[in-house]
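Open the structure in your viewer and get ready to select residues one by one.

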Amino acid sequence: MSRGGLWTSQLVYGAPGAGKSHYCISAFWDFKQNKAIRDGVLLTFGREDSALYGLPSSMVRTFSVPALDNMTWFADFTEYCDRLAQEAQAGRHKDVIVIDGLSEFDLLYEEAYTNVYDSKDKFAKFEALMSDTLGLMQRLDPRILGAHVLATARITDKRKSRQSRNVTLPGDPDWVEAEHFPAFRGKFRYELGHYFDFLFFVDSETALHAETGQRRPVHILHTIRTGDYLIKNRLEEKWLDAGKPTEFTNATFDAVYKVIEELTGGAAAKVG
């Protein structure tokens, strides 16, 4: 059973400590009041630790394989995603699903796959990664799940061609214009952004705090491309015409979602 509402998919990427996980989790958790504001779940992989966020254990699922010696963790993750879809069809929806993060998923998959299958084909793991990630993207459709689907990724640079032992190793194709984009390996690095309504970049800098006189970190979420960082915004034209912010400082999900609602005329996605 699908339910009405304006459900979004967002991929947020940046460096360690930039605030990508905090932003995504804020969609269902109020950090100041330390309480849930929506029915959400945080899905993590490997060493993407979540303990310090203070979330109840019922709102966190971790899929890991410490010895990198099996693919059971991936089967468990796939089964969990299928169960989310089944529950949604039965009218039991989550409001927010956070995948934290896709870069760790990628690395975990590659190493575990290599150790399990010991393939002589060095490209086999990337072919399998592409196939399985495609399946993952189909499962995590916000319209089917009746939920916001938010994901994080680390940041990487555009790959330049280089010489190695008198052989030219190709870089990213010329049509890849951005110098920085979400970190993911294999062919799916070029496909990932197509599966999200919004691809936001977040970074941090320090600024003088008026009350304390101390320099403190501030976290800046970029919603429109104005530089070398890849950003996707399906509402870009409306966003700019309406004079909406191209940057949010210490952003929460709801601050950005409010703009999305205004520009689409969509009613707030109802909880429950």
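Select Lys-244 and Glu-262 to begin. They form a salt bridge, with the closest N and O atoms 2.7 Å apart. Now look at where each partner sits. Lys-244 lies in the loop between helix H6 (236-241) and strand S15 (247-249), and Glu-262 is in helix H7 (residues 253-264), so the bridge ties together parts 18 residues apart in sequence. Bear in mind that this is a predicted model.

Lys-244 has a relative accessibility of 24%, so it counts as partly exposed. Glu-262 is partly exposed as well, at 43%.

**Along helix H7**

Stay with the helix that holds Glu-262. H7 has 12 residues. From its first C-alpha to its last it reaches 16 Å, close to the 16 Å expected at 1.5 Å a residue. Which residues of H7 are buried? Select Phe-253, Val-256, Tyr-257, Val-259, Ile-260, Glu-261 and Leu-263: these are buried. Glu-261 is on that buried list, whereas Glu-262 is partly exposed.

Step just past the end of the helix. Gly-265 takes a positive phi of about 70 degrees there.

**From H2 to H4**

Next, select Asp-82 and Arg-139. What links them? A salt bridge does, and its closest N and O atoms are 2.7 Å apart. This pair links distant parts of the chain. Asp-82 is in helix H2 (residues 72-89), and Arg-139 is in helix H4 (residues 124-139). The two are 57 residues apart.

**A linked group**

Now select Asp-141 and Arg-143. They form a salt bridge, with the closest N and O atoms 3.9 Å apart. The cut-off for a salt bridge is 4 Å, so a pair at 3.9 Å is counted. Arg-143 is partly exposed at 43% relative accessibility. Asp-141 is partly exposed too, with a relative accessible area of 26%.

Together with Asp-141 and Arg-143, they are linked in a network of salt bridges.

**The whole structure**

Zoom out to finish. How many salt bridges does a search of the whole structure find? It finds 14. Among them are Lys-244 with Glu-262, Asp-82 with Arg-139, and Arg-143 with Asp-141.

Terms used:
Residues numbered from 1 in each chain as written. Predicted model: local features only at pLDDT ≥ 70, side-chain atom pairs only at ≥ 80, totals over all residues. Heavy atoms only, no water. Salt bridge = Lys/Arg side-chain N within 4 Å of Asp/Glu carboxyl O. Helix = DSSP H or I, 4+ residues; strand = E, 2+ residues; numbered from the N terminus. Buried < 20%, exposed > 50% of the residue type's maximum accessible area, 1.4 Å probe, protein only. Expected span 1.5 Å × (residues − 1).
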